[in-house]
Amino acid sequence: MVLELGPLVGATLILMLFSWFLYKQTVLYDIAEGVLIGTGAGYSFIMGIKAVRDNAVLPLLRGETVWIIPIILGFVIYLQLSDETIHFSRIPIAIIIGVGTGLSVRRVLLAEIIAQTRASMIDFSALDTVGLINSILILVGTITTIAYFTLSREQTGAFGTVTRIGRLYLMATFGAMFGNAIFGNIAVVAGRVEEILRGFGLM
Amino acid sequence: MSFIRRTEIPITIAAIMTLIMLLDLFTGDPTLRAASTMLQSWAIILAGFALGIGAVSLLRLHTTNIKRKRPGWYGSVLIIFFTAAVLVTGLMDLNLANPILRFILDNMYMRLYAAAWAFEGIFLIYGLYRAFKIRNLDSLILSVTAFFCIIRNAAVAEVFFGPAAFAPGTWILDVPNLGGIRALMIASSLGILMLGLRTLLGKERGYIRTGG
Amino acid sequence: MSAKKSLMYRLSNVPHQVIGALTLIVIALPYLMPVGIPLKITPYSEQFKAALDAVPEGGNVAFSLDSAMGGTTETGGMIRATIKYFIYDRPDVHIVMWGMHYDCVLVFNTFVADVLEDADYGKEVAWFGYIPGTDAAIAKLSDDLKGILSVDFYGTPVAQLEIMDNINGAPDFDLLLSFDTYGHADSYVGHWYERYKTKIAIGMLSGSIPVATMRFTAGQIVGFCGGVKGAAELEALLKYPGPAYTNYDVMNVANLFAIGLLLFGNITYFLTKKEER
């Protein structure tokens, strides 16, 4: 049984983190959590520095002076760390928010609202009986579930029946998502079990 | 310089940015296209800078914990040590080839990140046992659809239930799930449209912090 | 005896420590004593492979590593099998790689780097590393790729990479592959497919299969590969068995355990209710 330092350290840290649900929060869990938070924060910072260097600083040094503005604005973001200068940092944040919101609206308009509404339409000529029934069920599900999210009127009477059907469709959706998510999340647990077994030389 | 403190300035900037992005899509005007792509580049660079805010705030908080010897300050020492270790070794070689950095990332960060993700799996399994109790029609549908979708993913189910084991799960995924998820997407997209409208009109102020 | 002390009540309220430990033991057993459950290929995996095969001779493929390291238990196998397929079976295809999640560098080092040693870097393949900004980055890459990618991950200017000579944005790619754990694929559909009709195929977590089904039915993506099961099927189809294939029977045993827990929880619940009455 040959143990390598790296996998052994990793397996030990995994077990320390798992001690939370296997027993209770202990100092071992706190140590593992501290290592995770510290390494994660440092790593994300390094990736940010590299991205800025490669995509803005290097082009600037090659003479593309247009990059000076986002670089200066990027440093201005850090002024939010002080109460006296926080108002300056709102400007670059507003740029991020504005660009992000505009792009999100573009994306959902094309990919979600228009495309999904179009996909809900039934082509009666192209389907057999079973396909037609399924398509009608899908359309009913889409309409009733959207109706369920209408919060501006009381969900009673006939409208209440419609939204009740929508809620049942939602339950089916959540059940399907959960059923699929279970498989994936078990895979993550399985991967850690494998690392524990390999780290301690049991595999 | 007191005018720079006015909240109308960032709100107006956000509205103008949103407008440029939308007008670029709807008009295709070359000037707007150039402005839009330039602003996208700026947003990318600003996002890169923003990645460091978390680390800097974390270091500030935990340095204060250590100075004031707050309960659990030993953990803060650990956090600062590893943040600094990754930062220093990372800055030595931004291609992440430094051997110490590789050891920390490959054997500590990657393992712990995945292990933290595994918590979700363990608690989903626990939730399956504790929360999926059939009390009414809603929970019946939830449990039955989850049951058949889990069966669908387990090839070994064919041994117990025969080749038809996967049919109910596949039908659930292709019909009721499709109706529900499409509606969820459309509804959430309408919410994003409303957010865009609020930003354009200057009603969205959540990102304007007043201090601290 | 009161319901509180009854065995049924205790069985319906087993603490999470016991369930957690049982889960780890059940998952460990197939690793120590492999079962060998046969793999069943589903149409969705075949369609994903068909999307890969449909890339024309000499075509360009964008490879977006959008997985967090935690999710690579599910996406790692499909990433490795797909890159091996293109490097070894389709060396005519040009691969341009980047990532929208900052873990992409670690994912690249773990699953891709050794395979690319067999490729002609700069002519067959290029790696650009992490691009921050998600929506902004994806939109920018679709319109003006070289406006943001000035150097590759190793600092080589784009002008010196022969593979990038005729690539300026989404219209120049025959296929975009996004291996995603965070929803970046939705941005690709919105900015690459809806505007430029670039073909998109997605590899993602099992929990995202319902969303991918929706996109596939709407014609927004040409294929998807979901979770460990999809990855195992893809590895078998592409004939590059990897981590997903070897974990397959562990997953099946664990899934049976999950079903057992669901049934057990409900049976003990109903029996406890009956006792209380």
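In helix α4 of chain B, B:Ile125, B:Leu128, B:Tyr129 and B:Arg130 meet C:Ala258, C:Leu261, C:Leu262, C:Phe264 and C:Gly265 of α12(C). This is a predicted model, in which local features need pLDDT of at least 70 and side-chain atom pairs count only at pLDDT 80 or more, while totals for chains, interfaces and linings use all residues. Residues are numbered from 1 along each chain as its sequence is written, and chains are lettered from A and ligands numbered from 1 in the order in which they are written.

**Helix pair**
- α4(B), residues 99-130, packs with α12(C) at an angle of about 30°, and their axes are 7 Å apart (axes are lines fitted to C-alpha atoms, for helices over the stretch in contact, and angles run from 0 to 180 degrees between N-to-C directions).
- Seven nonpolar residues, one polar and one charged make up this contact (Ala, Val, Leu, Ile, Met, Phe, Trp, Tyr, Cys and Pro count as nonpolar, Asp, Glu, Lys and Arg as charged, and the others, Gly among them, as polar).

**Chains B and C**
- In chain C, 44 residues are in contact with 39 residues of chain B (C-beta atoms, placed from the backbone, within 7 Å).
- Of the side of chain C that touches chain B, α12(C) gives the largest share, eleven residues (helices are DSSP runs of H or I, at least four residues, numbered from the N terminus).
- That side of chain C has 25 nonpolar, 14 polar and five charged residues.

**Domains of chain A**
- Chain A is divided into domain 1 (1-63), domain 2 (65-120) and domain 3 (126-203), with bounds from an automatic or database domain assignment.
- The centres of domain 1 and domain 2 of chain A, taken over C-alpha atoms, are separated by 28 Å.
- Six residues of domain 1 of chain A are in contact with six of domain 2 of chain A.

Key: Two residues are in contact if their C-beta atoms, placed from the backbone, lie within 7 Å. Helices (H or I, at least four residues) and strands (E, at least two) are DSSP runs, numbered from the N terminus.
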